[in-house]
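Student: I would like to learn how to read the features of a protein model with some care. Could we go through one together, feature by feature?

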Amino acid sequence: MLTNKQLSELRTQLLQNKNEIENRLKQNNHYDLNKGHAHESVGELSSYDNHPGDEGTELYEREKDIALNEHSEYELTNINHALHAMSNGTYGKCAKCGKEISVERLEAIPTTLYCKEHSLDQSISHDRPAEERVLLSSLGNFDFNDERNEHVEFDAEDSWQAVAEWGTSESPSDFMNPPDHYNDMYIESDENIGYVEDFENFVGNDMYGKNTRFYPNTKYDEYSESLDEEGIMTTFGDLPAYEHDPYVEDRE
């Protein structure tokens with residue numbers, strides 16, 4: 001049982017906390033959430049002349065204000081419920097089982113209306129943002145050496161390469177076999193971007209997939225020279241015997 005002194009001290013603490021929260025919400029105008037748009041809190045008229053990064057920062061700050069406001073209002077609601085329980089004479093007894101709540105628990109959490117065994121915060125939420133159901137299929141794989149989970153779409157490996165090509169903290173001294181150029185510092189730096197095979201840079205066809213022809217350019221010259229040096233017909237290996245004839249010169 002709570003003594004009158006203990007109950008009075010807890011009531012004083014609850015009233016003090018309530019007064020602090022109400023004054024804080026009044027002073028910051030509920031974290032400026034009473035204004036219609038985030039621009040109103042920073043004096044901006046529109047997003048037209050703002051950098052997307054600045055807009056992202058403002059959005060983050062707005063979301064943080066919403067979370068802080070919800071937390072303050074939730075805390076204020078719990079204080080009011082506890083004060084109401086004191087008025088009804090039910091404070092200090094678990095609203096679930098009716099057993100006495102320990103004084104130590106009430107001193108630590110004056111707003112609680114439940115004993116430790118029936119606390120409402122027993123379970124840990126495993127809910128994740130809905131976007132992860134889409135993003136995890138590609139961005140969830142960070143094993144660059146795992147060829148079993150290759151993705152056609154822009155995945156985690158592509159994200160890293162897109163950033164790493166602008167430079168990393170590594171230097172040639174960090175590698176057992178240092179690359180010849182700083183552009184080759186990141187994983188699979190020689191990977192084709194935007195195409196699969198080199199010949200896609202100079203081979204084309206019409207909208208029906210016919211009238212295939214090649215368009216001479218520097219990529220074509222580099223491709224031809226590399227094949228001649230290796231003495232092969234394709235970069236992915238020599239052609240089967242039955243496919244040789246259409247590609248070789250007529251010897252007659």
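The dialogue below takes the features in turn.

Student: What kind of model is this, and how are its residues numbered?

Tutor: This is a predicted model, in which local features need pLDDT of at least 70 and side-chain atom pairs count only at pLDDT 80 or more, while totals for chains, interfaces and linings use all residues. Residues are numbered from 1 along each chain as its sequence is written, and side-chain values use heavy atoms, with hydrogens and water left out.

Student: How many helices and strands does the protein have, and in what order do the elements run?

Tutor: Helices (H or I, at least four residues) and strands (E, at least two) are DSSP runs, numbered from the N terminus. Here the secondary structure comes to eight helices and two strands, and from the N terminus on the order is α-α-α-α-α-α-α-β-β-α.

Student: How much of the protein is buried, and what does its surface consist of?

Tutor: Buried means under 20% relative accessible area, exposed over 50%, and partly exposed in between (1.4 Å probe, protein chains only). Of the 252 residues in the protein, 19% are buried. Accessible areas come from the Shrake-Rupley method with a 1.4 Å probe, and for residues only the protein chains shown count as cover; the accessible surface of the protein comes to about 19,800 Å², with 51% of it belonging to carbon and sulfur atoms.

Student: What span should helix H4 have, and which of its residues are buried?

Tutor: The expected span of a helix is 1.5 Å times one less than its number of residues. For helix H4 (residues 52–88), with 37 residues, that gives 54 Å, and the end C-alpha atoms are 54 Å apart, which agrees. The buried residues of H4 are Arg 62, Asn 69, Ser 72, Leu 76, Ile 79, Ala 82, Leu 83, Ala 85 and Met 86. After H4 comes Gly 89, whose phi is positive, near 80°.

Student: What does UniProt list for residues 89–117?

Tutor: UniProt positions are given in the numbering used here, feature names are shortened, and annotations may be inferred rather than shown by experiment. An unreviewed UniProt entry lists residues 89–117 as "domain: Zinc finger DksA/TraR C4-type". In the model, the chain over residues 89–117 is 21% helix and 0% strand, and the end C-alpha atoms are 21 Å apart.

Student: Where is Thr 112 found, and is Thr 112 buried or exposed?

Tutor: Thr 112 is found in the loop between helix H5 (103–108) and helix H6 (132–139), and Thr 112 is buried, with a relative accessible area of 8%. Contact means heavy atoms within 4.5 Å; leaving aside neighbours within four places in sequence, Thr 112 is in contact with Tyr 91, Ile 101, Arg 105 and Leu 106. A polar contact is a pair of N or O atoms within 3.5 Å; within protein, one must be able to donate a hydrogen and the other to accept it, and residues adjacent in sequence count only if both atoms are side-chain atoms. A polar atom of the Thr 112 side chain lies 3.0 Å from the backbone oxygen of Tyr 114.

Student: What is the phi of His 30, and what is that of Asp 32?

Tutor: Most residues other than glycine have a negative phi. His 30, in helix H2 (residues 29–32), has a positive phi near 55°, and Asp 32, also found in helix H2, has a positive phi of about 60° although it is not a glycine. His 30 is partly exposed at a relative accessible area of 27%, and Asp 32 is partly exposed at 25%.

Student: Which residue caps the N-terminal end of H8?

Tutor: Asn 217 caps that end of H8, with a side-chain oxygen 3.1 Å from the backbone nitrogen of Lys 219. Helix H8 (residues 218–230) has 13 residues and should span 18 Å; its end C-alpha atoms are 19 Å apart, which agrees. Gly 231, which follows H8, has a positive phi, near 70°.

Student: How many aromatic pairs does the structure hold?

Tutor: Rings of Phe, Tyr and Trp (its six-membered ring) pair if their centres lie within 6.5 Å; planes under 30 degrees apart count as stacked, over 60 as edge-to-face and the rest as tilted. The structure holds three aromatic pairs. In one of them, the rings of Phe 202 and Tyr 220 have their centres 5.1 Å apart and their planes at 75°, so the pair is edge-to-face. This pair links distant parts of the chain, with Phe 202 in the loop between helix H7 (156–164) and strand E1 (203–204) and Tyr 220 in helix H8, 18 residues apart. Phe 202 counts as buried at 4% relative accessibility, whereas Tyr 220 counts as partly exposed at 24%. Phe 202 and Tyr 223 form a tilted aromatic pair, 5.4 Å centre to centre with 55° between the planes. Ring pairs link Phe 202, Phe 214, Tyr 220 and Tyr 223 into a cluster.
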